[in-house]
Amino acid sequence: MRFKNRADAGKKLAAMLEEYRDRDDVVVIGLPRGGVVTAFEIAQALNLPLDVVCPRKIGAPGNPEYAIGAITETGEGIFHEDVISALRIPQEYIQKTVEHEKQKAQERLLLYRKRKQAIDLEGKTVIIVDDGIATGATMKAAVRSIQSQGAEKIIVAAPVSAPESFEELANEADEVVCIDTPPLFYAVGQFYESFLPTEDEEVISLLDKSKKYGTLE
């Protein structure tokens, strides 16, 4: 299946999550940046509050787009140890990159939330949304982050996922909702007609437009 864009994917994904409409114990969480566009459509369609988490990918030396793991905003990491071993990546590189990405994650949270407080997730059902799942490392970090905030149930939702990542996330979350898990999966963008980069300004704008986003400090 191909989607027109991230918003179209969000509308289609919302149709699979109708059981959560109008519930006061459910929160939608988007993964910046593109995942927030998809999450916004779900939150709007189901009349649910929207927030963000900012896990960060840890890329390989010389190839930052190739994920060897990911971290939460607190620096907790999930790593592909077999890849790290095969590429002989030194621990010094990993430690230095983790610290850098942890700082970037915290900076982005401040940027996106501005003066708004995070939504309390204690005892809530949380739907974590991204625009697609490739290795699954970033989504796994997001699940860990949400778990640490006391969520009662975690649902991972994405329009498309690599089959092996779908299976792995099924062991991490309480439920995984996905429209398509195609066997020939090379990159998330191949399933979109338009997959332009999402800018920080769009993320901030969508959070501001959300019907039920946070409260001022």
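Buried means under 20% relative accessible area, exposed over 50%, and partly exposed in between (1.4 Å probe, protein chains only). Strands (E, at least two residues) and helices (H or I, at least four) are DSSP runs, numbered from the N terminus.

This is a predicted model: local features need pLDDT of at least 70, side-chain atom pairs count only at pLDDT 80 or more, and totals for chains, interfaces and linings use all residues. Residues are numbered from 1 along each chain as its sequence is written, and side-chain values use heavy atoms, with hydrogens and water left out.

**Exercise 1. Decide how enclosed β3 is, and find its partner.**

Step 1. Look at burial. Four of the five residues of β3 are buried, so the strand is largely enclosed by the rest of the structure.

Step 2. Find the pairing. Two strands pair if DSSP finds at least two bridges between them. Five bridges join β3 to β4, and the two run antiparallel.

Step 3. Name some partners. Ile 58 has Gly 69 of β4 as its bridge partner. Ala 60 stands opposite Asn 63 in β4.

Step 4. Inspect the turn. β3 and β4 form a hairpin with two residues between them. Gly 62 in that turn has a positive phi of about 80 degrees.

**Exercise 2. Describe the sheet that holds β3.**

Step 1. Write the order. It is β3-β4-β5, an open sheet of three strands with antiparallel pairing.

Step 2. Neighbouring strands are turned by 55 degrees against each other on average, direction ignored. Axes here are lines fitted to C-alpha atoms, for helices over the stretch in contact, and angles run from 0 to 180 degrees between N-to-C directions.

**Exercise 3. Describe the sheet of five strands.**

Step 1. The order is β2-β1-β6-β7-β8, the sheet is open, and the pairing is parallel.

Step 2. β2 (50-52) and β8 (175-180) are the edge strands, each pairing on one side only.

Step 3. On average, neighbouring strands are turned by 25 degrees against each other, direction ignored.

Step 4. Zoom in on one pair. β6 (residues 125-129) and β7 (residues 153-160) run parallel and are joined by five bridges. Val 126 has Ile 154 in β7 as its bridge partner.

**Exercise 4. Characterise the largest pocket.**

Step 1. On a 1 Å grid over the protein atoms alone, a pocket is an open set of points with protein on both sides within 12 Å along at least five of seven lines, whereas in a cavity a 1.4 Å probe fits but cannot get out; lining residues have an atom within 4 Å of a point.

Step 2. The largest pocket holds about 1,200 Å³.

Step 3. Name the lining. It has 39 residues, and Pro 32, Lys 57, Glu 65, Asp 130 and Thr 138 lie nearest the centre. Elements giving two or more residues include α2 (34-46) and α5 (137-148). α4 gives the most, with five residues.

Conventions. Grid points are joined across faces, edges and corners, and a volume is the space filled by probe spheres set on the points.
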